[in-house]
Amino acid sequence: MHPEVVRAEPGQCPKCGMTLVPMKAVGAVHRTARERQSGSDRLSQSPLPTDHNVNGMAMPHHEHAPSPDSGTAGDHEMKMPSSVNGADPMSRESSGTAWVPDSSPMYGRMWMFGDDMLMLHGGIFPRYTNVSTRRGDDRIDAPNWIMAMFSHSLGENTQLGLRAMMSLDPLTEGGRGYPLLLQSGESWHDQPLHDRQHPHDLFDELSISLSQKFTDDLSAYLYFGYPGEPALGPPTFMHRPSAMDDPDAPIGHHWQDSTHVTFGVAPAGLQWQTLKIEGSVFTGREPDENRYDFDRPRFDSFSGRISLNPTPDLALQVSHGYIKGPEVLEPDVNRHRTTASLIYNRALGPDSNWATSLVWGQNDDTHEGKTESVLIETNYQRERDTVYGRWERVEKSGHELVLAPGDLNEIFPVNSVSIGYVRDLSHGNNIDIGIGGQFTIDFWPEELDRYYGGGPGYGFEVFLRIRPSRPDHGAQHPGEMK
């Protein structure tokens with residue numbers, strides 16, 4: 001369970017006392033939680049030696065010798081299954097049914113109850129934000145979210161999964177959300193929001209999934225969420241390892257991954273090795289202004305997505321969807337969305353990681369036509385220090401930016417560049433508390449000067465980033481990873 005303990009000969013782990021074996025003797029046989037708990041392979045009271053992870057959150061890796069009743073030495077390297085598809089490694093699991101690279105680090109707490117697994121993770125960013133220009137603002141707030149994932153084996157090849165995600169944004173952000181220059185989407189008091197990121201609902205995901213493994217290479221799943229996320233777009237920004245330390249949403253959010261809170265969604269997927277094909281029906285309407293209720297399910301939209309993880313460090317996807325009446329204020333405006341993304345993650349050491357994402361999204365709206373967005377974001381973490389950055393270019397209409405009538409039909413390319421730094425005050429002690437700062441520069445064409453003032457625009461924020469530690473960096477607790 002301690003990745004920093006490395007030796008080439010048998011001996012005792014100085015931290016947990018278990019017997020070590022040379023790494024060259026360890027095989028590469030991977031089995032599901034149900035398979036490794038059956039018959040003579042049962043290890044119900046031993047920490048699980050695994051180098052896999054979930055949703056950007058690395059799981060422990062430790063090379064222990066097999067117990068007397070555990071089988072051969074080449075038989076004991078194991079992995080945890082995803083809560084969505086039990087044939088998948090947990091390392092690929094992200095928001096909805098989207099994938100991140102297998103090597104992504106994860107921050108969370110895990111408990112094993114026999115064959116059942118419970119994982120908790122999340123984050124909160126208490127902060128002060130100041131955004132310049134005529135449409136800017138300053139405030140104290142705290143974007144936040146918490147998520148629980150649970151999996152239960154129904155047999156050798158069948159698994160049930162449950163997930164819940166909540167946010168207290170309705171309290172910390174208020175109805176208008178937080179200042180974010182050039183952001184757009186959704187409404188408040190029957191007026192379209194602009195230059196602010198809307199708050200997320202109290203309940204962002206309540207989902208159930210059922211997966212079936214047919215052969216070693218072939219599996220399928222069914223997923224239902226109310227709310228949940230359809231098979232459309234890349235993993236949501238807060239679940240990407242390249243964005244986990246950035247408190248802000250991308251300004252291209254409504255071109256890429258804004259369907260992650262959908263009240264009524266039913267995807268299904270078929271997977272062959274590391275290739276997955278999915279389709280979903282879902283509610284096109286985005287959440288209304290009442291952030292505490294459950295909106296009416298409509299199931300009037302559809303999407304399809306192809307995902308591929310060709311190597312442990314790479315996750316690719318392309319997707320397309322028809323979204324019926326996404327905006328509450330414009331129910332007759334429909335949208336066709338196309339996205340493509342590449343997520344690269346590289347573990348550089350036991351406590352060092354580099355993650356980068358490239359995301360492209362296109363909206364084709366009724367009466368407006370096609371507009372595009374592109375995003376590049378990166379995150380480099382080395383022990384207590386993290387540096388991250390993001391660049392975006394988005395084509396937004398005057399209508400989207402809520403301009404004067406004469407500019408409503410014009411398309412304006414806008415750009416945003418952010419760079420940030422976080423230093424962990426507490427690191428690997430069950431909870432990571434970091435203090436950070438971020439600086440943002442926004443660019444727009446001269447035609448927008450009369451709305452925003454002479455460009456560019458500037459913004460800064462100082463914040464705390466509070467989240468669980470990585471399981472392989474913290475102390476072991478009774479009942480965890482058992």
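Author: A polar contact is a pair of N or O atoms within 3.5 Å; within protein, one must be able to donate a hydrogen and the other to accept it. The model discussed here is predicted.

Reader: What makes the pairing of the side chains of Y221 and T97 a polar contact?

Author: The two side chains are joined at 3.3 Å. The cut-off is 3.5 Å, so the pair qualifies. The side chain of Y221 also makes a polar contact with that of E278, at 2.5 Å.

Reader: Why is Y221 called buried?

Author: Its relative accessibility is 3%. Buried means under 20%, therefore Y221 counts as buried. Y221 lies in strand 14, residues 218–225, and among the residues it touches are V84, L210, P267 and K276.

Reader: Why does T339 count as buried?

Author: T339 has 1% relative accessibility, and the limit is under 20%, so the label applies. Its place is in strand 19, residues 335–349.

Reader: Which side chains make polar contacts with the side chain of T339?

Author: Those of Q317, at 3.0 Å, and S319, at 2.6 Å. Both values fall within 3.5 Å, so both are polar contacts. T339 also touches other residues, including W255 and W360.

Reader: What is the average pLDDT of the protein chain?

Author: The average is 85, and 82% of the residues score at least 70. Over residues 12–19, however, the pLDDT is below 50. Residues 21–78 are also below 50, although that stretch has 187 contacts in the model beyond near neighbours in sequence. Where pLDDT is low, the predicted coordinates should not be read in detail.

Conventions
Residues numbered from 1 in each chain as written. Predicted model: local features only at pLDDT ≥ 70, side-chain atom pairs only at ≥ 80, totals over all residues. Heavy atoms only, no water. pLDDT = per-residue confidence, 0-100. Contact = heavy atoms within 4.5 Å. Helix = DSSP H or I, 4+ residues; strand = E, 2+ residues; numbered from the N terminus. Buried < 20%, exposed > 50% of the residue type's maximum accessible area, 1.4 Å probe, protein only. Lists of a residue's contacts leave out its neighbours within four places in sequence.
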